[in-house]
Every structure is written in C-alpha cells, then in structure tokens.
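Here's a quick briefing to read with the model open beside you. Take a look at the fold first, then work through the notes below.

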Amino acid sequence: MDLQLLAALVLGIAAIVVIVLWTRLDAFIALLIAALVVGFVAGSPITDTLASITGGFGATMGSIGIVIGLGVAVGKILEVSGAADALARAFVRALGRGREPWAMAGTGGLVSIPVFCDSGYVIMNPLARSIARRKRTGYVTLALALGCGMTLTHHLVPPTPGPLAVTGIIGADLGGVILTGLAFTVVLMPIVVLYAKWMGPKLESEIVPDVRTAVYGSVGAAMDSARGSAGSAGSATTSAGSAGSITAVDDGPSTAAEEPDEDGPEEITHALGTPPDGEKPHRMTAWLASLPLLVPLLLIVANTVTTAVDRNRQGVLAGDEGYEPSGAAEFMSFVGSPVVALIIGILLAVYVLLPRWITRPQVTGWLAQAASAAGLILLITGAGGALGQVLRDSGVGDELAETISSWNLPGVLVPFLIASLVRLAQGSGTVAMITAASVTAPLVSGLGISPLVAVLACCAGSMVFSYFNDSYFWVVTRFTGLEGVAALRGWSGITTAVWLGSLPLLLIASAIL
C-alpha cells in the first residue's frame with residue numbers, strides 16, 4: 001500500500017483516539033479533525049477536502065438524520081409512559097418462574113431497541129431487584145442478563161441510533177439489517193443467559209454492602225454480617241454515578257407492582273405524575289406498549305420483503321436497472337420507508353400510550369428532551385459520513401481495499417477488527433461502530449462482502465470488552481454493586497463473550513450473503 005495513504009489512514013484514526021481520550025473535545029470534533037488530517041496527509045487540496053466533509057455530512061444527514069430523531073422520540077415516550085416497564089413485566093409473566101434470567105435478557109433486548117441503554121437499564125433495574133428480593137438470591141445473574149440483553153439490540157438492531165447510523169453510512173438496506181440484527185440477537189441471547197447464570201453466583205458474594213441491603217433488605221444485611229462485613233440492617237443509600245441513586249428498601253416486596261396481576265393490566269411505574277381529579281390512574285397493557293415499536297419495525301421489514309418478492313417476480317436483481325415497482329410494492333415503499341414508519345410510530349406513542357389528561361407542553365417538553373439526547377448522535381453520525389467521504393475522495397479507501405483484497409483475510413474481519421480496536425481505545429460503542437463504518441464504506445466492494453454484512457461487522461465488533469472508559473460499564477456495575485475485578489469478570493466478561501459469539505455468525509453470514 002502507498003505509504004502516504006497508509007499514513008493518512010493511521011493518523012486519522014489515531015487523531016480520533018487521542019482527541020477523545022486526552023482532550024476536552026468530543027467525538028464530533030474528533031471525527032472532523034480526523035477528516036482534515038486524512039485529507040492533508042493524503043495530499044488532497046484543502047478545498048477538495050472541505051467539499052468532501054460538507055458533502056459527506058449532508059448526504060449522511062439526508063439519508064438517516066430524520067430517522068434517528070424520530071427513533072429517539074419514540075423511545076422517550078416509551079420511557080415516560082411506563083410502556084417499557086409494561087413490556088418487561090409481560091416478559092416475566094410469559095416465561096414464568098425459574099426462567100427469570102431469560103425474561104430479563106429478553107426484556108433488555110426489546111426495551112433497548114428504541115431506548116438508550118443507560119436510561120433503559122435505570123428504568124428496568126428495579127424489576128430485577130424485586131425478582132431477586134422475592135427469590136432471596138440471584139441479583140447479579142439478573143442484572144448481567146438485563147444489561148447484556150440491552151447491549152445486543154443496542155449494537156445490532158435499528159432504530160437504535162448506532163446501527164441506524166452505520167446502515168446509512170454504508171448504504172445497506174434497513175429492513176435487511178433489522179431482520180439479520182434480530183436473528184443475531186436471538187442466536188446470541190443464550191450466550192448472555194448462560195454466562196450470567198455461570199458467573200452470577202460466583203459474584204453474588206462480591207456485591208457491595210449498600211447495594212446488598214438495597215436489594216435484599218435485612219436479609220442482605222444479615223448475610224453481610226455473617227461474613228464479617230460492615231453491612232447494616234438499616235436503610236442505606238449509594239451513588240449510582242451519573243445515572244442516579246439507589247435507595248435501600250425494607251425486606252420483602254415493596255409495592256403492589258412487584259406482584260403484577262396475571263389477569264389484567266397492572267400499575268406501571270411512569271413519569272406522568274398524578275392524574276387530575278375525576279381522571280382514572282394511568283394503566284398500560286403490554287400489547288398497547290408494543291404498538292409504537294412493533295408497527296414501524298413491521299412496516300420497514302414488510303417493505304423489504306415486498307420489494308424482494310416483486311423484484312423476483314419480474315426477474316430483476318437488487319441493484320439492477322429497469323425495475324418498475326408494482327402498485328403494492330410502491331405503496332409499501334412509501335409506508336415502509338423509515339421516515340414514514342417512524343412518523344407512524346411517534347403518532348402511536350403520543351396518542352395511544354399517553355393518557356388524555358397529559359398536556360401539550362408536557363409532551364413537547366419530553367420530545368424536546370429526546371431531541372437534545374439525539375443531537376450529539378446526529379452530529380457524530382454526520383461527522384462519520386464526512387470522514388468516510390474524505391477517505392473515498394482522497395483515494396485512501398480504494399488503495400486500502402486493493403491492499404486488503406490481496407491478503408488471505410476474510411473481508412468481514414476488517415470492519416469487525418476496526419470497530420473492536422476503536423472500542424477498546426475510547427470506550428463508546430456508538431463512536432466505534434460509526435468510525436468503523438466510515439473507514440469501511442469505501443472498501444465494501446473491494447472486500448467482497450455485502451453492505452449488510454459490513455454493517456453487522458461494524459456493530460458486532462463494537463461490543464468487545466466494555467470497561468472503565470465506557471459510561472454504560474459504570475451504570476451497570478454501580479447498580480449491580482460490583483467493583484474492581486468483580487466488575488471486570490461480570491460485565492467486561494459477558495460483553496466479550498457475545499463479541500466472540502458474533503464472530504462465527506459473521507463468517508457464516510458473509511459466506512451466505
């Protein structure tokens with residue numbers, strides 16, 4: 001490979017890592033600076049580099065920006081309405097006693113599709129605590145299963161912002177990514193549960209006293225006392241980092257909601273406040289809670305399937321010219337487009353999940369919070385598109401593709417390893433997968449892999465070894481009450497297990513697709 005172009009790529013990625021780790025700047029600025037570094041070192045005229053940055057940013061935002069904003073808005077309404085909690089309790093009821101780790105992993109996977117991992121874990125953790133309190137054991141197992149179930153869909157299934165951004169940068173079919181991401185999640189879920197059930201009992205004795213008392217009440221304090229620890233039988237409070245606080249409760253179930261009514265809708269924890277006089281308390285059933293999530297996903301997938309069937313009927317392969325969609329396929333391409341599907345999702349969320357007594361200012365306030373949360377991800381996604389465009393236009397992408405294609409290395413490993421290395425270096429899974437997508441997008445045809453497989457490789461590679469530089473690491477381990485080596489054995493271990501489990505799936509997908 002041309003040493004100048006190789007140096008451009010290496011210095012560009014190094015700039016991202018150094019800026020994120022050792023400066024006050026965030027990933028958005030880091031990606032833009034990396035794009036400038038790549039263009040400068042590769043020898044591109046500065047005006048051409050600037051044109052590539054603005055063009056790449058605009059093209060990426062045009063294809064995926066609206067979808068990310070709408071997806072985050074749907075997640076916010078699911079969070080405040082209690083819909084996420086309703087779905088979690090439905091999983092627990094459906095799977096029954098003795099299968100609580102499966103219920104927690106499945107709950108985490110479902111809730112994390114529209115809701116950010118950090119806030120989703122904070123919402124769902126009380127359910128894991130109440131189950132452990134009734135069983136008098138098993139909290140670490142449940143907490144690990146819940147957290148890593150969320151990790152799977154957070155990294156693999158759109159409309160979670162990271163996979164959605166990668167899909168847009170690489171240009172893969174969104175419906176296909178959803179289907180294959182869900183298939184990967186289903187196959188990897190047993191790894192989550194088995195690791196949690198294997199490691200959880202080993203770490204149960206490592207829970208810090210304050211969290212043990214918060215989960216198990218006086219029973220937990222007595223267990224600490226028996227071990228000669230400094231546990232206390234009274235109430236205790238511990239910090240949960242930036243995610244919030246954990247407050248101890250008395251022994252035994254603390255609310256009626258911990259024992260849901262099997263025959264009807266139960267009271268759900270939510271942020272709607274007290275209903276006005278004369279209004280009924282807000283209740284939520286699981287099927288209602290699922291509508292804003294399932295309807296958009298089904299529409300997007302139906303669009304993909306309908307188009308594929310219609311192309312097959314006409315004998316026109318994907319990407320070939322001359323395809324004229326039938327009336328049904330054209331209709332589905334409209335309602336199943338990501339923008340329209342998620343507009344339908346947000347309408348369902350606002351008008352189905354929220355009670356009539358919620359005011360317009362309250363709803364617009366929640367949507368404004370969602371827009372604020374989506375803002376940085378939108379900027380990072382656009383900057384990733386800008387970096388990818390500079391790599392294309394400067395010739396780095398083509399040169400790298402030709403070099404790698406001459407190696408005896410499966411092409412799918414390139415985005416997988418790039419995402420893994422960036423994740424280890426700077427901690428953020430979203431930044432890792434977007435960086436890998438930006439580097440990989442110009443290489444897809446040269447690597448001999450489909451855009452769909454490239455997306456999955458970027459996303460799966462970013463799951464590796466979550467540790468101290470990952471904010472979600474601190475959310476999970478603080479709420480679980482694990483510190484030091486115990487935190488690494490529990491959380492870093494389970495994320496690495498699913499990362500390893502995804503590798504053979506990627507190789508199989510690369511051979512088939």
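This is a predicted model, and of the protein's 513 residues, 55% count as buried. In secondary structure, you're looking at 22 helices and four strands.

**Overall picture**
- Take the contacts between residues at least 6 apart in sequence: 79% of them join residues at least 24 apart.
- The accessible surface comes to about 20,700 Å², and carbon and sulfur atoms account for 63% of that.

**The core**
- The largest nonpolar core holds 159 residues, and Met104, Tyr121, Tyr139 and Ile170 have the most contacts inside it.
- Leaving aside residues up to four places away in sequence, Tyr139 touches a list of partners including Asn125, Arg129, Glu204, Ile207, Tyr216 and Phe479.

**Helix α15**
- This helix covers residues 360-393, which is 34 residues, and spans 47 Å from first C-alpha to last, close to the expected 50 Å.
- Look for a kink of about 35 degrees in α15, centred on Ala374.
- Just past the end of α15, Gly395 has a positive phi of about 90 degrees.

**Cysteines**
- If you're wondering about disulfides, a search of the whole structure turns up zero.
- Cys458 and Cys459 don't pair up because the sulfur of Cys458 is 6.5 Å from that of Cys459, its closest cysteine sulfur, and that's too far for a bond.
- Both are tucked away from the surface: Cys458 is buried at 0% relative accessible area, and Cys459 is buried at 1%.

How values were computed:
Residues numbered from 1 in each chain as written. Predicted model: local features only at pLDDT ≥ 70, side-chain atom pairs only at ≥ 80, totals over all residues. Heavy atoms only, no water. Helix = DSSP H or I, 4+ residues; strand = E, 2+ residues; numbered from the N terminus. Buried < 20%, exposed > 50% of the residue type's maximum accessible area, 1.4 Å probe, protein only. Contact = heavy atoms within 4.5 Å. Areas by Shrake-Rupley, 256 points an atom, 1.4 Å probe, with all protein chains shown as cover. Core = buried A, V, L, I, M, F, W, Y, C linked by side-chain atoms within 4.5 Å. Expected span 1.5 Å × (residues − 1). Bend = angle between axes of the 7 residues up to and from the residue. Disulfide = S-S within 2.5 Å.
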